[in-house]
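Here is a short briefing on one protein chain. It opens with the core and then moves on to packing, salt bridges and backbone.

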Amino acid sequence: MKKFISLIIIAAMFLFLDSLSAQNAKTAPPKDTLRYRTNPNYPLQSAMFDLYKSHQVDIVMFGNSLTHGAAWDELLGRYNVVERGITSDVLYGYEARLGSILKLNPKIVFVMGGLNDIYNWTPVEDIFTVYVRIIKVLKSKKIIPVIQSTTYATKTYGKEYGGTPESNFGRNREVDKLNKLLSDYARKNNLDYIDINTPTAGKDGFLRPELTWDGIHFKADAYRIWAREVEKVLAKYNL
């Protein structure tokens, strides 16, 4: 009899735990499917952008950690340029903070992004869709949008946490797919497109290791190449 009562008590406990688990599932915060919301760099850097006193600039460099890695006013030798790059940001994050770009009333915005999205396994078509929405908003405000190619990783990028040449090769081919969509869109819509991969990649389809310090982030020589291409576009518009 005692054994039977014990079994009843144990069964009741399991039913209670199951009920509690179901209740917690209903009240748990939604998963961050857009990913930028749980990026600790996002609120920190966004707060700094809000603090800065720039009210109007002609040129905005809009992107992620690659964009954030250079002092673009000094790199280009211009006072009328600011960078708005956030480390680990994805295209949904760009879209969410687009208002902070528009309030600067720029003449031209150079956009680079997509690599973080690709390494988060976001489908290329989804990345492209958000990218196009951003470009259309810029155009609607009479701002010149410049699309810049999504960049490659090196063969050995991320090996300390499981990255392999095969996985990086696969991610780089996703980069190729995205860049094809972006370059085709730019051509069909008479937009400027900057190809940064051709001068920075090797014949093996990877970022050249001498141009990066960790496998994706640029060293000075890569920024020199990038800045040269930006200057060509600025010259085109007499900026």
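Phe-62 touches Thr-67, Arg-84, Tyr-94, Arg-97, Leu-98, Ile-101, Val-109, Phe-110, Val-111, Met-112 and Ile-134, leaving aside residues up to four places away in sequence. The model is predicted. Its protein chain has eleven helices and five strands. Of the 239 residues in the chain, 46% are buried.

**Nonpolar cores**

- Phe-62 is also one of the residues with the most contacts inside the largest nonpolar core, together with Trp-72, Phe-110, Trp-226 and Val-230.
- This core has 59 residues.
- Helix α8 (residues 124-140) gives the largest share of the core, nine residues.
- Another core lies apart from it and has five residues, among them Tyr-42, Phe-49, Ile-86 and Val-90.
- In soluble globular proteins, nonpolar side chains tend to be buried together.

**Contacts across the chain**

- Among contacts in the chain with a separation of 6 or more, 72% join residues 24 or more positions apart.
- Pro-106 sits in the loop between α6 and β3.
- Pro-106 is buried, because its relative accessibility of 3% is under 20%.
- Beyond its neighbours within four places in sequence, Pro-106 is in contact with Gln-56, Val-57, Asp-58, Val-60, Ile-101 and Ile-143.

**Packing of α8 and α9**

- Helices α8 and α9 pack at an angle of about 35 degrees.
- Their axes are 10 Å apart.
- The crossing of α8 and α9 is right-handed.
- From α8, the contact uses Val-124, Ile-127, Phe-128, Tyr-131, Val-132, Ile-135 and Lys-136.
- From α9, the contact uses Glu-174, Lys-177, Leu-178, Leu-181, Leu-182 and Tyr-185.
- By type, the residues of this contact are ten nonpolar, three charged and no polar.

- Asn-179 belongs to helix α9.
- Asn-179 is buried, at 7% relative accessibility.
- Asn-179 touches Ser-149, Thr-150, Tyr-193 and Asn-197, not counting residues up to four places away in sequence.

**Salt bridges**

- The model has 13 salt bridges.
- Side chains of opposite charge can pair when their charged atoms come close.
- Asp-50 and Lys-103 form a salt bridge, with their closest N and O atoms 3.8 Å apart.
- Asp-50 lies in helix α2 (residues 41-51) and Lys-103 in the loop between α6 (98-102) and β3 (108-111), so this pair ties together parts that are 53 residues apart in sequence.
- Asp-50 is exposed, with a relative accessible area of 52%, while Lys-103 is partly exposed, at 49%.
- Lys-180 pairs with Asp-184 in a salt bridge, and their closest N and O atoms are 2.7 Å apart.
- Lys-180 and Asp-184 are separated by about one helical turn, because they are four residues apart in helix α9 (residues 165-188).
- Asp-184 is buried, at 15% relative accessibility.
- A network of salt bridges links Lys-180, Asp-184 and Arg-187.
- Arg-208 and Glu-210 meet through their side chains in a salt bridge, at 2.7 Å from N to O.
- Both partners are partly exposed: Glu-210 has 43% relative accessibility, and Arg-208 has 26%.

- Most residues other than glycine have a negative phi.
- Ser-88 has a positive phi of about 70 degrees, although it is not a glycine.
- Ser-88 lies in the loop between β2 (81-85) and α5 (91-96).
- Ser-88 is partly exposed, with a relative accessible area of 38%.
- Trp-121 also has a positive phi, near 65 degrees, and is a residue other than glycine.
- Trp-121 lies in the loop between α7 (115-119) and α8.
- Trp-121 is exposed, because its relative accessibility of 62% is over 50%.

Technical notes: Residues numbered from 1 in each chain as written. Predicted model: local features only at pLDDT ≥ 70, side-chain atom pairs only at ≥ 80, totals over all residues. Heavy atoms only, no water. Salt bridge = Lys/Arg side-chain N within 4 Å of Asp/Glu carboxyl O. Helix = DSSP H or I, 4+ residues; strand = E, 2+ residues; numbered from the N terminus. Buried < 20%, exposed > 50% of the residue type's maximum accessible area, 1.4 Å probe, protein only. Core = buried A, V, L, I, M, F, W, Y, C linked by side-chain atoms within 4.5 Å. Contact = heavy atoms within 4.5 Å. Axes fitted to C-alpha atoms, helices over the stretch in contact; angles between N-to-C directions. Left-handed = near helix turned anticlockwise from the far one by under 90°. Nonpolar A, V, L, I, M, F, W, Y, C, P; charged D, E, K, R; others polar.
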